[in-house]
Amino acid sequence: MNNSLSRRHFISTSAAALITTSTSGCGTFLYPERVGQQRGGFQDVDWTVAGMNAVGLVFFFVPGVIAFAVDFYNGSLFYPPGQYGSLQPVELKTVSLPPGEPSLTLVETTVSKEIGKPVQLEKENFVAEKMSSIKDFWGTYKKVSTKIS
């Protein structure tokens with residue numbers, strides 16, 4: 001059995017690896033949940049992903065260009081709206097719960113219905129506080145978050 005690596009085999013394997021890795025950008029690998037989201041503006045660029053793509057651009061020009069193009073096209077180059085480092089302000093919305101003591105499952109189901117996505121809260125970090133107005137949220141959040149940590 002011949003275990004030597006021929007030049008042709010080495011070049012074809014290297015080319016296949018290069019094409020495979022260059023057809024996806026860094027943002028696609030690191031943040032697959034961002035794929036398919038709407039592309040944002042310059043202020044919404046995730047500079048970590050852009051920097052990693054730029055490193056690919058410096059060392060390997062064609063794969064770097066492909067990485068930027070893939071991440072831009074599928075939206076993974078940008079922060080999701082209202083999350084992470086996005087400069088868009090977070091809009092808070094009041095959701096009323098039925099009267100009585102709020103439970104973990106009650107909050108999960110109510111919020112899930114409101115946002116149209118499943119919500120799963122952590123039992124050990126669940127704290128319920130009554131607020132008179134949405135304006136009290138950040139003060140209550142600060143007070144509760146110091147209790148948990």
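This is a predicted model: local features need pLDDT of at least 70, side-chain atom pairs count only at pLDDT 80 or more; totals for chains, interfaces and linings use all residues.

Trainee: Fine. What does the secondary structure of the protein come to?

Mentor: Six helices and zero strands. From the N terminus on, the elements run α-α-α-α-α-α. Helices (H or I, at least four residues) and strands (E, at least two) are DSSP runs, numbered from the N terminus.

Trainee: Why is Thr 110 called buried?

Mentor: Buried means under 20% relative accessible area, exposed means over 50%, and partly exposed is in between (1.4 Å probe, protein chains only). Thr 110 has a relative accessible area of 17%, so it counts as buried. You'll find Thr 110 in helix 5, residues 104-115. Across the protein's 149 residues, 21% count as buried.

Trainee: And what is Thr 110 in contact with, leaving aside its neighbours within four places in sequence?

Mentor: Val 95, Ser 96 and Leu 97. Contact here means heavy atoms within 4.5 Å.

Trainee: What makes helix 3 roughly antiparallel to helix 4?

Mentor: Look at the axes, which are lines fitted to C-alpha atoms, for helices over the stretch in contact, with angles from 0 to 180 degrees between N-to-C directions. The axes of helix 3 (residues 47-59) and helix 4 (residues 61-74) come within 5 Å and cross at roughly 155°. That angle makes the two helices roughly antiparallel. The cut-offs: under 35 degrees is roughly parallel, over 145 roughly antiparallel, 65 to 115 roughly perpendicular, and the rest oblique.

Trainee: Is the crossing of helix 3 and helix 4 left-handed or right-handed?

Mentor: Left-handed. A crossing gets that name if the near helix is turned anticlockwise from the far one by less than a right angle, and clockwise makes it right-handed.

Trainee: Which residues meet there?

Mentor: From helix 3, they include Val 49, Ala 50, Asn 53 and Leu 57, and from helix 4, among them, Phe 61, Val 65, Phe 68 and Asp 71. By class, this contact has nine nonpolar, three polar and one charged residues. Ala, Val, Leu, Ile, Met, Phe, Trp, Tyr, Cys and Pro count as nonpolar, Asp, Glu, Lys and Arg as charged, and the others, Gly among them, as polar.

Trainee: How do you know that Asp 46 and Arg 34 meet in a salt bridge?

Mentor: The rule asks for a side-chain nitrogen of Lys or Arg within 4 Å of a carboxyl oxygen of Asp or Glu. For Asp 46 and Arg 34 the N to O distance is 2.9 Å, which makes a salt bridge. Both of them lie in the loop between helix 2 (26-30) and helix 3, so the pair ties together parts that are 12 residues apart in sequence.

Trainee: How many salt bridges does the count come to?

Mentor: Three. Another joins Lys 93 and Glu 114 at 2.6 Å, N to O. Lys 93 is in the loop between helix 4 and helix 5 and Glu 114 is in helix 5, so this pair ties together parts 21 residues apart in sequence. Then there is Lys 143 with Glu 129, at 3.8 Å, N to O. Lys 143 is in helix 6 (residues 137-148) and Glu 129 in the loop between helix 5 and helix 6, 14 residues apart.

Trainee: Why is Lys 93 called exposed, and what is Glu 114 called?

Mentor: Lys 93 has a relative accessible area of 58%, so it is exposed. Glu 114 has 38%, so it counts as partly exposed. Lys 143, at 44%, is partly exposed, and so is Glu 129, at 34%.

Trainee: Last one: why is Pro 118 called exposed?

Mentor: Pro 118 has 80% relative accessibility, so it counts as exposed. It is in the loop between helix 5 and helix 6.

Note on methods:
Residues are numbered from 1 along each chain as its sequence is written. Side-chain values use heavy atoms; hydrogens and water are left out.
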